[in-house]
Amino acid sequence: MRRMSDGVEAALHCALVLSGLPEDKVLAGKHLAELHGVSESYLLKHLRALTAADVIIAIPGPRGGYRLAHIPQQITLLDIVEAIDGKEPAFICREIRRRAPGKSQDPCNYKRDCFIKSRMLAAEQLWRDALRSQTVADLMQDGEQQISPSSKLLVSDYLSLHAR
């Protein structure tokens, strides 16, 4: 539907990793950044947004870090996308129909929303509904089927070493 920022990809990967932590453990932002090969300052900006949106919890202090705020089945992909990219609609109608050479002089013709706007917002609603219907638990299931055993072992070992 629209181009999402790079932060959405990082946030989705972080949510997936955090879903694999034991309930009483956290993972520091620097370790999430290292695991994903992104800069810590870049990732921390997105982790703050996820925290503000109640997708993850930030535990302060030297032994602090991040964990999911809810069980994976309760965190939708839309929650993550909106935390990073915002809730604003992707399509903004600028009412250019009112500027065209053949524009109507009758203001009553503009009482209804532009039909182009209506179609675009309807399409975006379908996109949001699709993201709302998928959760971090779905990502976990995909990962179980599609991540190689060697990659799973590497991530598991990394989490064992760095989870607090």
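Which elements each supply at least two residues of the lining of the second largest pocket? They are α1 and β2 (65-68). This report on a predicted model returns to that pocket after the overall fold.

## Overall fold

Seven helices and two strands make up the chain. In sequence order they follow the pattern α-α-α-β-β-α-α-α-α. The radius of gyration is 21 Å, well over the 15 Å that the globule rule gives for 164 residues, so the chain is more spread out than a compact globule.

The C-alpha trace spans about 70 × 35 × 25 Å along its principal axes. Of the 164 residues, 32% count as buried.

## Helix α1

Helix α1 covers residues 6-19, 14 residues in total. From its first C-alpha to its last it reaches 20 Å, close to the 20 Å expected at 1.5 Å a residue.

Which residues of α1 are buried? They are Gly-7, Val-8, Ala-10, Ala-11, Cys-14, Ala-15, Val-17, Leu-18 and Ser-19. Among these, Val-17 is also one of the residues closest to the centre of the largest pocket, while Leu-18 and Ser-19 belong to the lining of the second largest pocket.

## Largest pocket

The largest pocket has a volume of about 530 Å³. It is lined by 20 residues, of which Leu-16, Val-17, Ile-147, Val-155 and Leu-159 are the closest to its centre. By residue class, the lining divides into 10 nonpolar, eight polar and two charged.

Four helices, α1, α2 (29-36), α6 (136-146) and α7 (149-162), each supply at least two residues of this lining. Which of the elements gives the largest share? That is α7, with six residues.

## Second largest pocket

The second largest pocket holds about 180 Å³ of space. Its lining consists of Leu-18, Ser-19, Leu-21, Pro-22, Glu-23, Lys-25, Arg-67, Leu-68, His-70, Ile-71 and Pro-72.

These residues divide into six nonpolar, two polar and three charged. Helix α1 supplies at least two residues to the lining of the largest pocket and at least two to that of the second largest pocket.

The side chain of Glu-124 reaches the backbone nitrogen of Ala-90 at 2.8 Å.

Leu-121 also lies in helix α5. At 31% relative accessibility, Leu-121 counts as partly exposed. Cys-93 is located in the loop between α4 (77-85) and α5, and with a relative accessible area of 24% Cys-93 is partly exposed as well. Leu-121 and Cys-93 are 28 residues apart in sequence, and their C-alpha atoms are 9.7 Å apart in space. Cys-93 and Asp-113 are 20 residues apart along the chain, with a C-alpha separation of 9.3 Å.

## Backbone at Asp-54

Where does Asp-54 lie? Asp-54 is in the loop between α3 (40-52) and β1 (56-59). Its phi is near 65°, a positive value in a residue other than glycine. Most residues other than glycine have a negative phi.

Asp-54 has a relative accessible area of 42% and is therefore partly exposed, the range for that class running between 20% and 50%.

Conventions: Residues numbered from 1 in each chain as written. Predicted model: local features only at pLDDT ≥ 70, side-chain atom pairs only at ≥ 80, totals over all residues. Heavy atoms only, no water. Buried < 20%, exposed > 50% of the residue type's maximum accessible area, 1.4 Å probe, protein only. Expected span 1.5 Å × (residues − 1). Polar contact = N/O pair within 3.5 Å; in protein donor to acceptor, adjacent residues only side chain to side chain. 1 Å grid on protein atoms, 1.4 Å probe; cavity = no way out; pocket = protein on both sides within 12 Å on 5 of 7 lines; lining within 4 Å. Points joined across faces, edges and corners; volume = space filled by probe spheres on them. Nonpolar A, V, L, I, M, F, W, Y, C, P; charged D, E, K, R; others polar. Rg over C-alpha atoms; globule rule 2.2 N^0.38 Å.
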